[in-house]
Amino acid sequence: LGEVSASVHVRSPAEGGAVAGLLSHDRFLSHLETEIVRHRTFGRGLGLLLLRTARGRSEHLSRWCPRVQHRLLRPVDRVGLYSPSAVEILLPEVTREALGELPRRLQEITRGQVELRCGVALLPEAATSSEELLEAARTAMQRATSRAQVSFAPATDKHALEVGGEVIVRSPAMKKVYAVV
């Protein structure tokens with residue numbers, strides 16, 4: 001509605017309510033903002049995963065999310081509800097190298113039971129804010145296929161000029177303008 005996003009979730013009694021340990025999207029965003037501040041303060045890695053069932057599949061996340069939570073995640077990781085068939089996963093203090101085993105581990109967890117797609121975005125490689133990080137992970141998730149279940153968001157310009165932790169300019173032309181100003 002204009003610049004406001006609304007999300008309505010209807011659960012049937014058969015679904016048994018919420019999946020244990022699953023945060024609302026708003027609470028998840030609060031945790032994400034806190035971890036971004038920690039990242040900027042201590043310089044540790046931060047990853048965001050968006051995980052959903054393959055297009056055309058209707059498996060409710062209550063059928064596969066608990067397995068992912070127990071077999072793939074650490075106690076410090078946070079999982080939030082993104083949609084009825086997707087979750088958002090916050091991975092504090094993680095590196096791209098540490099996520100290298102993610103495709104194999106996802107296949108082991110879901111083998112023959114459900115087909116998942118995963119988008120991964122890392123801070124500060126792919127984004128510098130929570131909104132950019134979510135968008136980068138969502139875009140990467142849309143690029144995931146049955147052959148490549150996990151898709152990483154591409155790195156942005158690492159030479160972006162930062163002031164107080166916020167990117168001011170990225171392009172070389174704008175850096176020249178900024179230097180003149």
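Helices here are DSSP runs of H or I with at least four residues, strands are runs of E with at least two, and both are numbered from the N terminus.

Please keep in mind that this is a predicted model, in which local features need pLDDT of at least 70, side-chain atom pairs count only at pLDDT 80 or more, and totals for chains, interfaces and linings use all residues. Residues are numbered from 1 along each chain as its sequence is written, and side-chain values use heavy atoms, with hydrogens and water left out.

Which residues of helix 3 are buried? They are Leu102, Leu106, Ile109 and Thr110, and because they cover an arc of only 80 degrees around the axis, taken from the directions from the helix axis to the C-beta atoms, they lie on the same side of helix 3. After helix 3 comes Gly112, which has a positive phi, near 70 degrees.

Of its 25 residues, Leu51, Trp64, Val87 and Ile89 touch the most other members, and strand 5 gives the largest share, four residues. Apart from this core lies another, of 19 residues, including Leu90 and Met141.

Finally, the cysteines: Cys65 is buried at a relative accessible area of 1%, and Cys118 is buried at 0%.

How values were computed. Core = buried A, V, L, I, M, F, W, Y, C linked by side-chain atoms within 4.5 Å. Buried < 20%, exposed > 50% of the residue type's maximum accessible area, 1.4 Å probe, protein only.
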